[in-house]
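Open your viewer and keep the selection tool handy. We will go from one stop to the next, and at each one you can look at what is there.

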Amino acid sequence: MSFLTPPSSDLEDESDNEIYDKDRGSYEFPMEEEEDDDKYYSYQYDDYMYLDDQELDKNLKMLGECAQPNKVAPADATAIKLGNQDSANTKFIWKIENFRSLMDKEKHYSDVFFVGNYPWRVFMYPMGNDTDHISMYLQVADWENLQYGWNRCAQFSIAIVNQFDNRNTVRHQSAPELQFNALFTDTGFQLFMPLSALYDPDRGYVVDNTCIVEAEVKVTQDYWNFYDSRKETGYVGLTNQGATCYLNSLLQTLYHIPYFRKAVYNMPTENDSAPGGRIPSALQTLFYNLQYNEDSVATKELTESFGWNRQDSFMQRDVQELNRVLCEKIEDRMKGTVAEGTIQHLFEGHHMNYIECINVDYKSTRKESFYDIQLDVKGCRDVYASFDKYVEVEHLEGNNKYHADQQYGLQDAKKGILFTDFPPVLQLQLKRYEYDVMRESMVKINDRYEFPLQLDLDREAHKYLSPDSDRSVRNRYTLHAVLVHSGGGSGGHYYAFIRPTLSEQWFKFNDERVTKEDTKCALEEQYGGDGRYSNAYMLVYIRESDRDKIICNADVKEIAEPLSLGSTRRTSCKVGLSHPNGELRLLEVFSHKISKILPPSEKIMHINDQYWTATLRAEEILEEEKNLSPKDRLISVCHFTKDANGLKHFGEPFLLAVHEGETLDAVKLRIQKKLQFPDEEFVKWKLAYLSWMGRVEYLQDSDIDPNRFPKSNYGARERYLGLEHSDSSPVRAYVASKNLHIG
């Protein structure tokens with residue numbers, strides 16, 4: 001059964017499945033109406049919207065035109081086809097009956113539903129996409145028919161409803177304003193929830209062999225295509241490589257501590273070839289580009305210096321651990337230089353663990369350093385309550401007495417922690433996660449938790465400080481950054497609110513995008529609670545007495561000359577032209593396919609940031625490719641083979657001019673001549689239309705239709721002419737092409 005309902009509120013302020021809670025005045029679906037085949041209901045707020053026959057036929061036709069997936073599990077769920085919703089903010093409820101029959105299916109697709117006047121659908125891997133979790137995704141329904149240039153910005157959440165207790169519903173939320181286009185047509189959550197929990201009959205996710213899935217999709221205006229972060233805010237963002245938003249929020253926070261930035265600029269970068277040695281130079285370059293680039297900055301060089309590959313960039317990691325490892329690497333490289341001690345000076349504080357006997361004069365203490373403080377959220381209303389809990393005294397008595405060495409033996413005692421000093425930059429990690437034994441997974445604590453703009457740790461007669469602490473230092477702090485997580489316990493999206501100069505103006509650093517925000521948005525709206533899934537998980541405070549020293553000037557004069565010069569991308573290429581008036585073009589090649597023909601106006605410094613393995617190729621434009629008629633096409637050709645694992649691309653792709661009315665035999669002859677293959681090898685080759693997503697349609701002995709390839713002098717390629725053959729024989733490269741090496 002599939003229903004569409006508008007959401008009760010914004011995606012970041014959801015109620016828990018109000019549709020199933022009658023006591024909260026939520027929607028009640030009239031199930032008895034299902035027997036009436038003449039009525040199709042679309043739910044819009046509290047009213048029914050009847051569709052007349054003309055509207056119904058129109059929308060059923062649109063549904064039929066959507067390209068069907070290659071592998072579709074037979075739908076055991078019943079469905080009601082709904083009319084087109086003009087609302088750009090819609091909830092889709094998918095009731096899947098006979099759910100356990102899907103356990104032997106690879107994929108299962110929902111019905112198509114409309115949001116923003118465009119068709120979408122949910123699909124799942126019922127037994128996981130190469131994992132022991134069910135995998136859930138949102139897809140543009142007619143992705144195979146999308147033209148280059150099509151795009152929609154959307155935010156969505158997917159939930160598997162707990163039919164016993166709505167509070168245990170598992171929900172994951174995407175990044176805000178995620179952009180879908182002809183090349184990025186689906187995304188979602190590989191590790192949605194453990195299969196063991198999903199199929200456990202006592203958990204409430206599959207009841208009477210029925211599973212209920214909710215998808216809430218909000219389509220927004222594509223305003224951001226024309227948004228210039230540098231122009232609007234003075235700052236630029238960081239590109240997301242797949243799931244590196246947590247890294248981006250941390251890097252922006254560190255970058256906007258100018259004292260730290262200056263120290264990074266002054267790190268020596270000799271012997272960068274040592275293991276992990278490229279981290280300092282990569283971080284220097286990234287900081288420099290954040291300071292002086294006009295557009296968003298790539299993090300690929302830095303993550304490669306970590307030793308990460310492409311798969312690693314799609315895995316979310318613990319921010320606290322990443323912060324510590326990164327600072328340790330920087331700290332090691334600063335030793336013996338003018339920057340030595342910077343990390344300790346900025347972030348290191350100390351606390352004292354003590355056990356003090358009550359009835360005898362005996363006390364044991366141990367001093368330890370810290371770079372961040374982990375504060376409990378559960379059971380605490382605000383930061384001060386968490387600090388109170390942190391220094392709370394534990395009484396050791398009865399069967400839990402303390403052994404005070406041989407002299408005193410077992411004694412009643414009190415145990416606790418007090419701080420000896422706090423650092424100039426105070427990093428507070430909020431414990432938003434805990435392990436749920438019933439779910440067998442981490443769950444997020446979304447309780448309301450307040451934090452102040454000014455934090456006074458000398459309050460109530462220095463209650464957090466040890467007796468031997470330096471009371472002359474005023475431990476009053478002002479909030480510098482709020483790092484936010486939006487989503488559930490096993491995934492979500494990260495971004496940061498930062499006050500770079502500690503003025504009243506806040507900025508939201510959300511991957512590539514930087515926007516101005518007010519104080520309420522940065523503080524109160526990140527407290528959590530009230531059904532919100534977006535809330536603060538890390539706070540950064542700066543001590544007011546150190547403010548001028550930390551928020552210092554870090555302009556180009558502070559940067560060593562080699563860094564200033566080295567940050568500029570370098571290009572090197574020499575291509576011989578066949579005649580003095582020859583013309584060149586640049587191609588972007590990705591996975592042995594031409595992904596883009598770059599227009600002359602393209603900025604070199606931003607090329608090759610999006611893909612890990614993309615390269616540039618410079619080549620001469622052949623005379624036969626110039627002055628093509630409106631019905632001719634310049635198409636992209638690539639080599640491929642097929643095996644049990646699907647398509648595999650190899651060799652050098654190339655461009656080919658195809659003319660109206662040209663036969664397949666003529667095209668094959670020109671390809672054979674270009675690649676210089678003998679007849680006995682080339683006769684085995686097959687030609688096919690290929691989509692970017694890998695759909696294959698073999699060509700017969702009919703004419704090649706140039707109209708099958710969208711006309712485009714520049715831009716991305718979304719359809720290809722594929723040459724299927726074995727990759728055991730070398731694919732001959734043709735003349736006038738050279739690879740460009742950037743940066």
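Start by selecting Gln676, which is exposed at 59% relative accessibility (exposed means over 50% relative accessible area, buried under 20%, and partly exposed in between, with a 1.4 Å probe and protein chains only). Gln676 sits in the loop between helix H16 (664–675) and helix H17 (679–682). Helices here are DSSP runs of H or I with at least four residues, strands are runs of E with at least two, and both are numbered from the N terminus.

A word on what you are viewing: this is a predicted model, where local features need pLDDT of at least 70, side-chain atom pairs count only at pLDDT 80 or more, and totals for chains, interfaces and linings use all residues. Residues are numbered from 1 along each chain as its sequence is written, and side-chain values use heavy atoms, leaving out hydrogens and water.

Now check the backbone of Gln676: its phi is positive, about 60°, although Gln676 is not a glycine. Most residues other than glycine have a negative phi.

Next, select Asp208, in the loop between helix H2 (195–198) and strand E13 (211–220). Asp208 also has a positive phi, near 55°. Is Asp208 buried or exposed? It is exposed, with a relative accessible area of 73%.

Move on to helix H5 (residues 258–265). Six of its eight residues are buried, so H5 is largely enclosed by the rest of the structure. Colour the buried ones: Pro258, Phe260, Arg261, Ala263, Val264 and Tyr265.

Stay on Phe260. In the largest nonpolar core, which has 51 residues, Phe260 and Phe287 touch the most other members. (A nonpolar core is a set of buried Ala, Val, Leu, Ile, Met, Phe, Trp, Tyr and Cys residues joined through side-chain atoms within 4.5 Å.) Domain 2 (229–344) and domain 3 (370–390 + 422–551) both contribute residues, so the core lies between them; the domain bounds come from an automatic or database assignment.

Finally, show helix H4 (residues 245–255) and helix H6 (residues 278–292), whose axes come within 11 Å and cross at roughly 75°. Axes are lines fitted to C-alpha atoms, for helices over the stretch in contact, with angles from 0 to 180 degrees between N-to-C directions. Contact means heavy atoms within 4.5 Å. Which residues of H4 make the contact? Select Leu251, Gln252, Leu254 and Tyr255. On H6, pick Leu283, Leu286, Phe287, Leu290 and Gln291.
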